[in-house]
Amino acid sequence: MTTQIKSASSCIEVSFNAELKIIETMTLLEWLDQIGVMGDAIATAINGQFIPKHKRGEIMLKHGDQIITFKPIVGG
Amino acid sequence: MFFDRAHLQDRPWRIYGRDLSSRFILGTANYPSPAVLKEAICASGTQMVTVGLRRQLAQGVEKSDAFFSMIKECVEENGVQFLPNTAGCYTAHEAIQLAHMARELFKTKLIKVEVIGDAHTLQPDPFALLEAVHELLKEGFEVLPYCTEDLVLCTRLVEAGCEVLMPWGSPIGSGQGLLNPSALTMLRNRFSDVLLIVDAGLRSPSDAAQVLEIGFDGVLLNTAVAQALNPPRMARAFKLAVEAGREAFESGIMTTQDFAVPSTPVLGRPFLV
């Protein structure tokens, strides 16, 4: 039996909503899909910059990125 | 310089091309429950409610969108529009980023721009506000700036292209009413072509009536309704006060005088021949 081990170099460390995560290199859209977040119900930012919904599939996550998601809430 | 009362009385109530009949914008925060919020929205007769955005924590990333569903339901049932805000922002950059997110999520170009300059009073930062407003107007947003009653700041906001100004009555959630009514009256006098809405600090319906009586176009409030013992009834009380204040303004309120004027017509003194 062969065990496949991911090489360390294919993994990156990112901060997702202030929690550190070791993940494979992937796009923002793939990451959101992987953790099961409803993409239509949230807005996203990386390193303090808004990422529009239609760009999520193009943005490749990089080591050290800070990903934040926002959701609609009540407000005054 | 004094405003043209007739011009203000006849002007339609329209925010960036959106015709409204209710002059009461209601905040949606701090209600005892979503059901009470929904009742308050109905009782207020409002056609615009404020909403916000909040960053999520990793543990708390919700897979559902219960609040969004409830508020959307309310919108569909009552024809209410969203006015997203940038609450919690302390820099122009943060406010601009949040405005973009709000436009995507709430599908509206309207944005209440709020950039806080002092954590204790939640007083808006005039410099960061103006910077954010310039950028957002350039990017096609329809901006309602939450500002102080400072005449120079308001002038700069109007020069930047704001069609609406939203000076505070007093600090957010404080319930201190109108701390500086003469400055608000000055704004009315100076900006007859700009919509003026008092946002924040109102406590009781009489505060709202006062705002409308001095010729302001509307009020935006949250805490005074949300924290009432009976929010739906308080929402209705504010609705009536807003209508009364506007009705009084349109009717032409008498001017004050330093001397008495008898209201009963008399001829001399009744028993003195």
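**Labels and their grounds**

Guide: Along its sequence, chain A runs in the order β-β-α-β-β-β, that is, one helix and five strands. Helices (H or I, at least four residues) and strands (E, at least two) are DSSP runs, numbered from the N terminus. This is a predicted model, in which local features need pLDDT of at least 70 and side-chain atom pairs count only at pLDDT 80 or more, whereas totals for chains, interfaces and linings use all residues. Residues are numbered from 1 along each chain as written, chains are lettered from A and ligands numbered from 1 in the order written, and side-chain values use heavy atoms, without hydrogens and water.

Visitor: Why is the pair of Phe24(B) and Phe238(B) called tilted?

Guide: Rings of Phe, Tyr and Trp (its six-membered ring) pair if their centres lie within 6.5 Å; planes under 30 degrees apart count as stacked, over 60 as edge-to-face and the rest as tilted. The centres of Phe24(B) and Phe238(B) are 6.1 Å apart and the planes stand at 40°, so the pair is tilted. Over all chains, the search finds three aromatic pairs.

Visitor: What makes this pair a tie between parts of chain B?

Guide: Phe24(B) belongs to strand E3 (residues 24-27) and Phe238(B) to helix H10 (residues 231-251), so the pair ties together parts 214 residues apart in sequence.

Visitor: Are Phe24(B) and Phe238(B) buried or exposed?

Guide: Buried means under 20% relative accessible area, exposed over 50%, and partly exposed in between (1.4 Å probe, protein chains only). Phe24(B) has 1% and is therefore buried; Phe238(B), at 0%, also counts as buried.

Visitor: How do you know that Arg103(B) sits over the ring of Phe141(B)?

Guide: The rule asks that NZ of Lys or CZ of Arg be within 6 Å of the ring centre and within 35 degrees of the ring normal. The charged end of Arg103(B) is 4.0 Å from the centre of the Phe141(B) ring. Lys112(B) likewise lies over the face of Tyr146(B), at 5.5 Å from the ring centre.

Visitor: What makes Lys112(B) and Asp199(B) a salt bridge?

Guide: A salt bridge is a side-chain nitrogen of Lys or Arg within 4 Å of a carboxyl oxygen of Asp or Glu. The closest N and O atoms of Lys112(B) and Asp199(B) are 3.0 Å apart. The pair links distant parts of the chain, with Lys112(B) in strand E6 (residues 110-113) and Asp199(B) in strand E11 (residues 195-199), 87 residues apart. Both residues are buried. By this rule there are 13 salt bridges over all chains.

Visitor: How many residues separate Arg156(B) and Glu159(B), and what does that spacing amount to in helix H6?

Guide: Arg156(B) and Glu159(B) are three residues apart in helix H6 (residues 151-160) of chain B, so about one helical turn separates them. Their side chains meet in a salt bridge at 3.4 Å, N to O. Arg156(B), with 39% relative accessible area, is partly exposed, whereas Glu159(B), at 56%, counts as exposed. Elsewhere, salt bridges that share partners join Lys112(B), Glu114(B) and Asp199(B) into one network.

Visitor: Why is Glu58(A) called exposed?

Guide: Its relative accessible area is 55%, and therefore Glu58(A) is exposed. Its salt-bridge partner is Lys55(A), the closest N and O atoms being 4.0 Å apart. Lys55(A), at 35% relative accessibility, counts as partly exposed.
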